[in-house]
Amino acid sequence: MSDRLEAILADAVPRVCPAAVALIAVDGSVVASAAAGELVRYTGAEGGLAADRPPARRDSIFDLASVSKLFTTVVLLSLAEEGLLDLDEPVTGLIEAADRSITPRRLLTHTAGLPAGRRIGDELPGPLTPATARRLAGARMAAMLRTPVVHPAGGPYLYSDVGMVMAGRLAELTGGAPLDVLVRDRVTNALGLSATGYRPPRVLLDRIAATEFKAERPGPGCVRGEVHDETAYALGGVAGHAGVFAPAADLLAFGEALRLGGAGVLRPSSVAEMTRDQGVEGAPFRHGLGVRIGDPGVAGPLADAYGHSGFTGTSLVVDPARRLTVVLLTNAVHPVRGRDGIRELRGAVAAHAARLAGRLPASEARPA
C-alpha cells in the first residue's frame, strides 16, 4: 500500500521540497510509509548542490515548526488537569505584564488579541549564535510578555505566534520547569519518543533535514539541527510556538495518543475539550484548543480531522472517525522559502489516507 504514497512524494521531490517522509496509520497500524529526497541538497540560497547529499529515510528528523504548538497545548492541558491553572482565568496571576483580558483558552484559540508575530531578535539584537541567544533569552522573553493587545480580546481569530510564546512561558511558570523539560517529562518520555524534543543533540545531526539558508546565522551552509524560526532561535531555541524536532514515527505515536483519548499524557476529557469546536469567529476552519479542525490546507478532504501544520512543511492530522493518523514531514524552506505546492502535497497525502481507511476493514489494521 506504500507504492502510491511513494509516487505522491516522488512527484513533489525536489520540486516542492528536497526531502519528505510520510506515514499513514489506520487503527494504530502503519499501512503506508514512504521517504524521498535528500536531507541536505543545497549549499546556499543560490541553489548550488551540496557535495554530500544524504538520502532521507523514514527515521529522519525534521524541524516541526508550528506543529510544536500541539506539544505546548498538551503540556498546558496536563497542568490544568492537576489544578495548577484554569483555562479561563486571566494569566496576570503569573504573568503580571500581560493584559488582564488574556486567558489560557484565548491563547490556545488565537483569540487573545495579540499580534501575529514579533521579531524580538531584531528589537534586542546580539550576535546570532546559539550561545548568545540563550544568554539574551530572558530579556527577550520578558519583552515578548509585555506585547500589547492590539485586537479585541475574545475574537475574532488572529493567528499569533506571540500568543503561543506566552502560552509556553505560562506553562513554565505553572509547571515550575523550563518548557523543554516539561515537554520531555509530560509528553516525550511518557510516550517513549526518544528522538523528539527541542535543541536536538549533535549526535542526531546526521539524521536531521536542513532548512533555510540564513546568511546571518553561523555557517557554513543552510541551517541544520537548529530551529529555523527566527523568534524561537532568538529565545534560545525553546518556545511555545516552535522549536520541536521529531522523526515521523515519534510524531505518529504522539498523534495516536491523542486519537486514543490521551493515553499516557492526558485524560480523555481533556482531549475531548482540546478537539472540540471552541466557536472561534473569523477563522477559515473550526478551532479547538491548539488544534485546527477541518482545515483543508492541512487535512485536505478529511473534513472532521484535527491537527496542525508547520512553516517548514510539516503536518500532523488525526481523524478519529476514520481511525486515521497521518504524518507528513518535509523541509520545503530548503534552501529558501516561497515554494509552491506544499498545500497540494498535504492534500494528496490526506486523500490517499482517506482511500486507505475506506478500503481497509478495522479487522485488517491492528497494532502490532
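Student: Where does Asp27 lie?
Tutor: Asp27 lies in the loop between β1 and β2 (29-37). Keep in mind that this is a predicted model.

Student: What is the phi of Asp27?
Tutor: Phi is positive, about 55 degrees, although Asp27 is not a glycine. Most residues other than glycine have a negative phi.

Student: Is Asp27 buried or exposed?
Tutor: Asp27 is buried, with a relative accessible area of 11%.

Student: OK, and Arg199, where is that found?
Tutor: In the loop between β4 and α8. Arg199 also has a positive phi, near 45 degrees. Its relative accessible area is 35%. Buried would need under 20% and exposed over 50%, so Arg199 counts as partly exposed.

Student: Which peptide bonds are cis?
Tutor: One joins Gly219 and Pro220, with omega about -5 degrees. Another joins His334 and Pro335, with omega about 5 degrees.

Student: Where are Pro220 and Pro335 placed?
Tutor: Pro220 is in the loop between β4 (197-198) and α8 (230-234). Pro335 is in the loop between β10 and α12 (342-359).

Student: Switching to β10. How many of its residues are buried?
Tutor: 7 of its 7 residues, so strand β10 (residues 324-330) is mostly covered.

Student: Which residues are on which side?
Tutor: Leu324, Val326, Leu328 and Thr330 sit on one side. Thr325, Val327 and Leu329 sit on the other. Both faces are covered. In a regular strand, side chains alternate between the two faces of the sheet.

Student: What sense does β10 pair in with β1, and over how many bridges?
Tutor: Antiparallel, over 7 bridges, with β1 spanning residues 19-26. Val21 stands opposite Leu329 of β10.

Student: And with β9, how many bridges?
Tutor: 5 bridges, again in the antiparallel sense, with β9 at residues 314-319. Val318 has Thr325 as its bridge partner in β10.

Student: How many residues are between the strands in the hairpin of β9 and β10?
Tutor: There are 4. In that hairpin, Arg323 takes a positive phi near 65 degrees.

Student: Now helices. At what angle do α2 and α6 pack?
Tutor: Helix α2 (residues 68-81) and helix α6 (residues 161-175) pack at about 40 degrees, with axes 10 Å apart. That makes α2 oblique to α6. The crossing is left-handed.

Student: Which residues make the contact?
Tutor: From α2, Lys69, Thr72, Thr73, Val75, Leu76 and Leu79. From α6, the contributors include Asp161, Met164, Ala167, Leu170 and Ala171.

Student: How many are nonpolar, polar and charged?
Tutor: The contact divides into 7 nonpolar, 5 polar and 2 charged residues.

How values were computed: Residues numbered from 1 in each chain as written. Predicted model: local features only at pLDDT ≥ 70, side-chain atom pairs only at ≥ 80, totals over all residues. Heavy atoms only, no water. Axes fitted to C-alpha atoms, helices over the stretch in contact; angles between N-to-C directions. Helix = DSSP H or I, 4+ residues; strand = E, 2+ residues; numbered from the N terminus. Parallel < 35°, antiparallel > 145°, perpendicular 65-115°, else oblique. Left-handed = near helix turned anticlockwise from the far one by under 90°. Contact = heavy atoms within 4.5 Å. Nonpolar A, V, L, I, M, F, W, Y, C, P; charged D, E, K, R; others polar. Buried < 20%, exposed > 50% of the residue type's maximum accessible area, 1.4 Å probe, protein only. Pairing = 2+ DSSP bridges.
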